[in-house]
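The following exercises guide the reader through a single structure, one site at a time. Each task is followed by a solution in steps.

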Amino acid sequence: MKVLVAAPIHDKALELLKNKGFEVIYREYPSEEELIELIRDVDAVIVRSKPMVTRRVIEAATKLKVIGRAGVGLDNIDLEAAKEKGIAVLNAPSAPTISVAELTIGLMLALLRKIAFADRKLREGVWAKKQCLGTELRGKTLGVIGMGRIGTEVARIAYHGFKMKIIYYDVRRCPIEIEKELNAKCVDLDTLLREADIVTIHVPLLPQTRHLINEEKLKLMKKTSILVNTARGGVVDTEALIKALKEGWIAGAALDVFEEEPLPPNHPLTQLDNVVLTPHIGANTIEAQERAGIEIVNKIIDYLSKEVNN
Ligand code: NAD
């Protein structure tokens with residue numbers, strides 16, 4: 001059987017496929033046209049947050065049985081088109097959790113202690129000590145939007161490591177043991193935005209979450225508060241955020257994800273000092289990539305062997 005690996009995955013995962021006798025075709029991030037050609041003849045395809053597996057791509061496939069996402073978000077895959085053709089879509093949802101949670105905390109510190117700003121200034125030859133008056137995390141209120149795997153892990157580090165107060169908003173109440181462990185209070189979104197010193201976003205991008213944080217919601221936040229987004233860029237209205245940052249409705253933002261990726265050069269966000277930006281590196285660790293690659297390859301091997309035996 002043939003597996004198209006259309007994004008970089010860990011070497012151990014590639015080895016696993018080859019050792020199980022699969023023919024592996026490797027092409028890093030093909031364009032839609034290239035993918036349409038490559039997909040015609042394969043049984044499985046593995047992607048990460050790229051490339052896009054569009055309806056056109058899925059309709060061009062003749063043997064495809066399964067699409068594997070080495071990671072969590074499935075927004076680059078046309079799930080409806082896959083369902084219509086009876087193609088399974090699998091992911092590795094827990095692989096990046098720790099990595100994204102640790103980056104989220106890192107971004108909070110980078111922004112509140114002005115680490116990225118200080119580093120930029122120092123390289124320009126400026127000893128910006130006076131401009132780098134920061135704030136601590138200890139005792140502050142963390143507002144977690146989306147208390148799933150990543151949100152919970154961020155709250156754990158914040159509560160146990162920094163003694164922060166945890167409030168969260170989610171469509172589902174999180175398990176009572178977690179609420180007890182973290183002394184976490186479930187609140188509505190507006191209350192969270194009004195009370196939190198740090199708002200951190202961990203909901204998936206869905207029609208209901210697109211621009212969940214818009215002008216009206218940003219205006220509810222404290223002027224001293226910051227917004228951290230390591231989920232998906234589309235959850236925040238970028239135009240409104242830029243306005244909020246320029247006009248001082250909030251103190252700053254730390255973003256790993258953007259409505260348009262890669263973020264275009266000279267984008268207005270890059271001109272602001274109260275912003276820390278990273279290029280979608282949440283899951284970019286050796287550990288997360290190894291876990292994601294191995295988890296998805298094992299799931300695909302399992303799925304295809306069951307198909308053969310049926
Ligand atoms: P998860 O499914 O465990 O948690 C998401 C939570 O959001 C759930 O508790 C769910 O109930 C809640 N939710 C869903 N819709 C909601 C709504 N409309 N309003 C309020 N809450 C809602 O997912 P996770 O593993 O914690 O990942 C969260 C997101 O992080 C992913 O969807 C992905 O987009 C993003 N992510 C980013 C990176 C990165 O590189 N920066 C890496 C991995 C995941």
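At 46% relative accessibility, E33 counts as partly exposed. The model in which this residue is found is a predicted one.

**Exercise 1. Determine which residue pairs with E33 in a salt bridge, and where the two partners lie.**

Solution. Step 1: the partner is R56, and the closest N and O atoms of the pair are 3.0 Å apart.

**Exercise 2. Determine which parts of the chain are joined by the salt bridge between E290 and K12.**

Solution. Step 1: the closest N and O atoms of E290 and K12 are 2.9 Å apart. Step 2: E290 is in helix 12 (residues 286-309) and K12 in helix 1 (residues 11-19), so that distant parts of the chain, 278 residues apart, are linked. Step 3: E290 is partly exposed at a relative accessible area of 23%, and K12 is also partly exposed, at 47%.

**Exercise 3. Describe the salt bridge of D41 with K2, and the network to which both residues belong.**

Solution. Step 1: between D41 and K2, the closest N and O atoms are 2.5 Å apart. Step 2: D41 lies in the loop between helix 2 (32-39) and strand 3, while K2 lies in strand 1 (residues 2-5), so the pair ties together parts that are 39 residues apart in sequence. Step 3: K2, D41 and K63 are linked in a network of salt bridges. Step 4: in the whole structure, a search finds 24 salt bridges.

**Exercise 4. Is S225 buried or exposed, and what does its side chain reach?**

Solution. Step 1: S225 is placed in the loop between helix 10 (215-218) and strand 10 (226-229). Step 2: its relative accessible area is 0%, so S225 is buried. Step 3: the side chain of S225 reaches the backbone oxygen of K222 at 2.7 Å. Step 4: leaving aside neighbours within four places in sequence, S225 is in contact with A196, D197, I250, A251 and G252.

**Exercise 5. Characterise the surroundings of the ligand.**

Solution. Step 1: the ligand is surrounded by 24 residues, and the closest are R149, I150, D170, T230 and D256. Step 2: by class, this shell holds 12 nonpolar, 7 polar and 5 charged residues. Step 3: a backbone N or O atom of T230 is 2.9 Å from a nitrogen atom of the ligand. An N or O atom in the side chain of R172 is 3.3 Å from an oxygen atom of the ligand, and a polar side-chain atom of R232 lies 3.5 Å from an oxygen atom of the ligand. Step 4: of the 870 Å² of accessible area that the ligand has on its own, the protein covers 90%.

**Exercise 6. Locate the cis peptide bonds that join K50 to P51 and E261 to P262, and state their omega values.**

Solution. Step 1: most peptide bonds are trans. Step 2: the cis bond joining K50 and P51 has an omega of about -10 degrees, and P51 is in the loop between strand 3 (44-47) and helix 3 (55-60). Step 3: the cis bond joining E261 and P262 has an omega of about -10 degrees, and P262 is in the loop between strand 11 (252-255) and strand 12 (275-277).

Methods
Residues numbered from 1 in each chain as written. Predicted model: local features only at pLDDT ≥ 70, side-chain atom pairs only at ≥ 80, totals over all residues. Heavy atoms only, no water. Helix = DSSP H or I, 4+ residues; strand = E, 2+ residues; numbered from the N terminus. Buried < 20%, exposed > 50% of the residue type's maximum accessible area, 1.4 Å probe, protein only. Polar contact = N/O pair within 3.5 Å; in protein donor to acceptor, adjacent residues only side chain to side chain. Contact = heavy atoms within 4.5 Å. Near = heavy atom within 4 Å. Areas by Shrake-Rupley, 256 points an atom, 1.4 Å probe, with all protein chains shown as cover. Nonpolar A, V, L, I, M, F, W, Y, C, P; charged D, E, K, R; others polar. Salt bridge = Lys/Arg side-chain N within 4 Å of Asp/Glu carboxyl O.
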